[in-house]
Amino acid sequence: MGHYYDAHPEVKTNEKQIEYQYQHNILNLVTDAGVFSRDKVDFGSDLLIKTFLHEHPPGQKKTIVDVGCGYGPIGLMIAKVAPHNHVTLLDVNTRALALVERNASKNQIQNVTVLESDGLSQITNNSSDYILTNPPIRAGKKIVHNILTDAYEKLKSQGALYVVIQKKQGMPSAKKKMADVFGNVESTANQKGYHILKSTKS
């Protein structure tokens, strides 16, 4: 049985169409077997999108990274709402990346770059204003914590990392790790056991 964090899922393809809405913005998305949360945009991703866009309404152009992007709901919605921003979507799952490319085209979103990347390996140091992740919890604590650690190097000064994570799936240890790496961490939202953790690079 394949996992959504496999580079090349072996599970048989089984595409479906879903719709995701934030305020008046609608995304029509193609999903598939072998990618995370294929039947609908999961609660954690939805909370992360809403929290980030509430804190950062469209303004100055920003460089944003969505790491572990899956079929693209987080990065594509942020890119759609704020088309002056540039969003880079990263994943190791080639099936997910192909879906992101199709979904960007399908929704006429052009301010994005889609890259195959193990964590943040394809991102230049000190280049990003914001990094967002709904991390691949099932891939293990080491992989998740590597993303949290690497984010510090990739962010510009005053850039911020946003992570959505459930309390029962490692939130306390992720929060501690972010505090150790960044010297600060706050929970900016908390619903149904999901926390949005934010650390800022000083």
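This is a predicted model: local features need pLDDT of at least 70, side-chain atom pairs count only at pLDDT 80 or more; totals for chains, interfaces and linings use all residues.
**Helix α4**
- Helix α4 covers residues 141-154, and its 14 residues reach 20 Å from the first C-alpha to the last, which is close to the 20 Å expected at 1.5 Å a residue.
- The buried residues of this helix are Val144, His145, Ile147, Leu148, Ala151 and Lys154.

**Asn85, a buried loop residue**
- Asn85 sits in the loop that runs between α2 (73-81) and β4 (86-91), and Asn85 counts as buried because its relative accessible area is 7%, under the 20% cut-off.
- The side chain of Asn85 comes to 2.8 Å from the backbone nitrogen of Lys62, and Lys62 is also among the residues in contact with Asn85 once neighbours within four places in sequence are left aside, the others being Gln60, Lys61, Ile64 and Asn111.

**Positive phi in loops**
- Most residues other than glycine have a negative phi.
- Gln23, although not a glycine, has a positive phi of about 50 degrees; Gln23 belongs to the loop between β1 (16-22) and β2 (25-31), and counts as exposed because its relative accessibility is 55%, over the 50% cut-off.
- Asn126, likewise a residue other than glycine, has a positive phi near 55 degrees, and its place is in the loop between β5 (112-116) and β6 (128-133).

Notes
Residues are numbered from 1 along each chain as its sequence is written. Side-chain values use heavy atoms; hydrogens and water are left out. Helices (H or I, at least four residues) and strands (E, at least two) are DSSP runs, numbered from the N terminus. Buried means under 20% relative accessible area, exposed over 50%, partly exposed in between (1.4 Å probe, protein chains only). A polar contact is a pair of N or O atoms within 3.5 Å; within protein, one must be able to donate a hydrogen and the other to accept it, and residues adjacent in sequence count only if both atoms are side-chain atoms. Contact means heavy atoms within 4.5 Å. The expected span of a helix is 1.5 Å times one less than its number of residues.
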